[in-house]
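Here are some notes on the model, for comparison with your own reading. Please go through them with the structure open.

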Amino acid sequence: MIFRRRARMLRSLVCGRLGPVWMWKALLFFVAIAFATQLLGIIFNKSSAQPAAHSIFSSPDAQGPSLGSCQPHTHIMFLKTHKTASSTVLNMLYRFGEERNLRFALPLGYQLGYPLPFNAHRVKGYRGPRATEFHIMGNHMRFNKPEVEKVMPADTFYFSIIRDPVALAESSFAYYKEVAPAFRKAKGLGDFVDDPNKYYDPRLRNNHYARNLLWFDFGMDNNANFSVELAQHGEAMIRQTFRLILVSEYFDQSMILLRHALCWPLDAVVSFSLNARQQKPSSNSVMSGSWVGKAAVAAGVGARAGRSQGKMLPNLSLTDHQREKLRQWNALDWYLYKAFNRTFWEDIDKFGRAQMEQEVALLRMRREILGRVCLKDGGKPVEAYRIRDKNIRPFQSGVVKILGYELQPGLDNATRTACLRMIRPEIQYKDLLDSKQFPRAVQPQLGQQGQLAAGGAFVRHDSSRTGEKMMMGEAEMERERDWDGSRIMKSNQTLKGVREKERLR
């Protein structure tokens, strides 16, 4: 009885003060539904949500071995020498600078006034010393230190790259065969080497490609008679300015030294082989694909493309005796190569041979991994017409087929952007950077109102607009000086009269 009375009292209390029972039942029912819906939503979201895109370029492996507490160099001047894998190095500089929004000292055309000695006013947007901060300079030029110093900050890191003069001459002969008069008339490289004076005239335009090309690119007189004193003077000038000279025959080791010198992450010096040719010359005529490919651009042979179709590759075969004669013909380059090759290996000894082997292995492994991620068909180069994206098709000379790469489909945006930077051809990359720095300027287009002239500089028919004069008159030549202020020695003689004890072996 007591319990029944209490129950009636409680029911009377709830119904009287808080409303009828059915309302509470309905309220509890809706609360239960809402809770269940929320719970199911959480479970569904956990099962279906995709993780944020994680690019391989942001992985810890991209940094490589620790470099300590150093800070990355961002003021960099790279002397881009010819036929030395310098295009691959320039691609690295372009990538590094673009990723960090650095400012490039870009040319008015495609080169910085080459083959004239560099002048600061060749830089697009230059307004006088220290008026604008430029971070990176790397397009082709004939080096002229006082003028470069007007553009680049005082703490700039200078470096360049060299190559064995015999291999360089083989590549130069194939590349500039239709451009350098000294090469054009020769049946083959061996024919030229047997009697260079028969073909070589230093007064003719573009013949600088035929003798001491490294010496010329470093801003010195490539036709001077060789002497030990002159060679040592040139070496000293280079050492005084350039903190690192890479060697293209040891490209991967060079990249490790460069990475440590610049305090850069590993991925910044990982590269793919750019500008590869389709045809393979004979084993006696080795030309790495990394060093071949802009023949029409650098040599101005685009107009001859129609007449060059079907031509066989130049004969580059040499005997041992001819190779020795080629070293004598390029004696100033040979001296530089031996001197800086020796320094290069001294730097590796200081670095540590064992550590160098380990880091080179990591570099090559990383290149292979990125190749599988970025490139279609396992990273195998393909003919330009097969590349669907016209923006990454390499320029074709008509003499040889230049290969390029196709990107792997299905890449996330971050990965695709990074991969694209690694395979973008030099000309297109320069135009892209130019459009970013000068968005209102009209960019020159290949084949429109102009042509690519010797050395790759873009020349409009109205050459006064860009100042890209391609030929020095005799009066200018006589006034030319080395960039240390001394007058350039003018001599057109060969090494025939050089004393035997001064010959380079």
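1. Helices (H or I, at least four residues) and strands (E, at least two) are DSSP runs, numbered from the N terminus. This is a predicted model, in which local features need pLDDT of at least 70, side-chain atom pairs count only at pLDDT 80 or more, and totals for chains, interfaces and linings use all residues. Residues are numbered from 1 along each chain as its sequence is written, and side-chain values use heavy atoms, with hydrogens and water left out.

2. Threonine 415 sits in helix α17 (residues 413–423). Threonine 415 is buried (under 20% relative accessible area, with exposed over 50% and partly exposed in between; 1.4 Å probe, protein chains only), at a relative accessible area of 3%. Leaving out residues up to four places away in sequence, its contacts (heavy atoms within 4.5 Å) are Ser55, Ile56, Phe57 and Val373.

3. An open sheet has four strands in the order β2-β1-β3-β4, with parallel pairing (at least two DSSP bridges between two strands). β2 (136–137) and β4 are at the edges with a single partner strand each, so one side of each has no neighbour in the sheet. β3 and β4 pair over four bridges; isoleucine 162 has valine 247 in β4 as its bridge partner.

4. Helix α11 (residues 251–262) is largely enclosed by the rest of the structure, because 10 of its 12 residues are buried. Among them are Phe251, Met255 and Leu262. The buried residues of α11 pack against elements including β1 (76–79), α3 (86–99) and α16 (353–374). Cysteine 263, which follows α11, has a positive phi, near 60°.
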